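User: I would like to go through this structure term by term. Please set each value against its definition.

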Amino acid sequence: MAASVSAEDMVRVDDMVLVPKGGFTPFFLKKDDTNNSSVLATSPATSVDAFWLDATPVTYRKFLAFVNKHPEWHQSNIKKIFTDSHYLEHWKNAQGSADSADLDKPVVNVSWFAAVAYCEAQDKRLPSTDEWEYTLTDNDRDTDNLQKQIMAWYSVPNKALPVVGSKPANGFGILDMAGLIWEWTEDFNSYMAPPDSRNSGDKTLFCGSGSLNASNLGDYAAFMRYSYRESLRGNFTGKNLGFRCAKDTK
């Protein structure tokens, strides 16, 4: 088992943490990997290059600063093609912005298009699904407790969101990967798509899930994550759906 990243070894700049290069066993094959489900049993772990990742999900405070600078992404101005009717629906005060008590909570009800726009405005990007899942698996540190935490979160009704960073970081130094919100990934639609949409390249399509080609049939938490991503389209929003940004090392 890999050792945790110590406080001395962790590289953190401007609220981003450098996630080191590594690998993990993917839960599902990508659309363009293979059509042979037996490959998962013998294939090596998916390699993930080192990358920067926000230590916490993007907050209302940071997203508010973004929409103030880019008013086209404000609730009252966003084009309908980029979101559904629930975009930033929590912003119901007289100013059309987040309440002060919510500023350090994770921003939710944000579409994939809005999340991408925010990240690009910061010279960043959304993490890939492989990057996100690799960070969550945390080099298989404390896997059993992680799965229990995730399933306990999935099993209760949605509650009022706490501020970000309320719980300890994982071994990489990343917080709130589990038990807070669902998060957008850059290529959320790239896994196990239906046959009629495999090669379309359309970002409004959604990824698929199911038992075929799954690497661990007992990982119910992963089934639920991929099933949730399957339900999404780029203009969807959700009251527990937010995001964080990533950045290349070069």
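**Values against definitions**

Analyst: Gly234 is buried, with a relative accessible area of 0%. This is a predicted model, where local features need pLDDT of at least 70, side-chain atom pairs count only at pLDDT 80 or more, and totals for chains, interfaces and linings use all residues. Residues are numbered from 1 along each chain as its sequence is written, and side-chain values use heavy atoms, with hydrogens and water left out.

User: Why is Gly234 called buried?

Analyst: Buried means under 20% relative accessible area, exposed over 50%, and partly exposed in between (1.4 Å probe, protein chains only). Gly234 has 0%, so it is buried. Gly234 sits in the loop between helix 6 (220-230) and strand 7 (241-242). Its C-alpha atom is 9.2 Å from that of Ala114, and the two residues are 120 apart along the chain.

User: What makes Trp73 buried or exposed, and what about Phe82?

Analyst: Trp73 has a relative accessible area of 13%, so it counts as buried. Phe82 has 26%, so it counts as partly exposed.

User: How many of the protein chain's residues, in percent, count as buried?

Analyst: Of its 250 residues, 47% count as buried. The chain exposes about 12,700 Å², and carbon and sulfur atoms supply 52% of that. These areas come from the Shrake-Rupley method with a 1.4 Å probe; for residues, only the protein chains shown count as cover.

User: What counts as a helix or a strand here?

Analyst: Both are DSSP runs, numbered from the N terminus: helices are H or I with at least four residues, strands are E with at least two. The protein chain has six helices and eight strands.

User: How do you know that the length of helix 5 agrees with its residue count?

Analyst: The expected span is 1.5 Å times one less than the number of residues. Helix 5 (residues 143-154) has 12 residues and should span 16 Å; its end C-alpha atoms are 17 Å apart, so the two agree.

User: Which residues of helix 5 are buried, and why are they said to share a side?

Analyst: Leu146, Ile150, Trp153 and Tyr154 are the buried ones. They cover an arc of only 100° around the axis, so they lie on the same side of helix 5. The arc is taken from the directions from the helix axis to the C-beta atoms. On the other side, Asp144 and Lys148 are exposed.

User: How many aromatic pairs are there, and what makes Phe63 and Phe66 a tilted one?

Analyst: The structure holds 14 aromatic pairs. The ring centres of Phe63 and Phe66 are 5.3 Å apart and their planes are at 55°, so the pair is tilted. Rings of Phe, Tyr and Trp (its six-membered ring) pair if their centres lie within 6.5 Å; planes under 30 degrees apart count as stacked, over 60 as edge-to-face and the rest as tilted. Both residues, Phe63 and Phe66, are buried. They lie in helix 2 (residues 60-69), three residues apart, about one turn of the helix. Trp73 and Phe82 have ring centres 5.5 Å apart and planes at 35°, so this pair is tilted.

User: What makes strand 1 and strand 2 a pair?

Analyst: Two strands pair if DSSP finds at least two bridges between them. Strand 1 (residues 12-13) and strand 2 (residues 16-19) have two bridges, in the antiparallel sense. Val13 has Met16 of strand 2 as its bridge partner. Strand 2 is also joined to strand 5 (residues 51-54), antiparallel, by four bridges. There, Val19 stands opposite Phe51.
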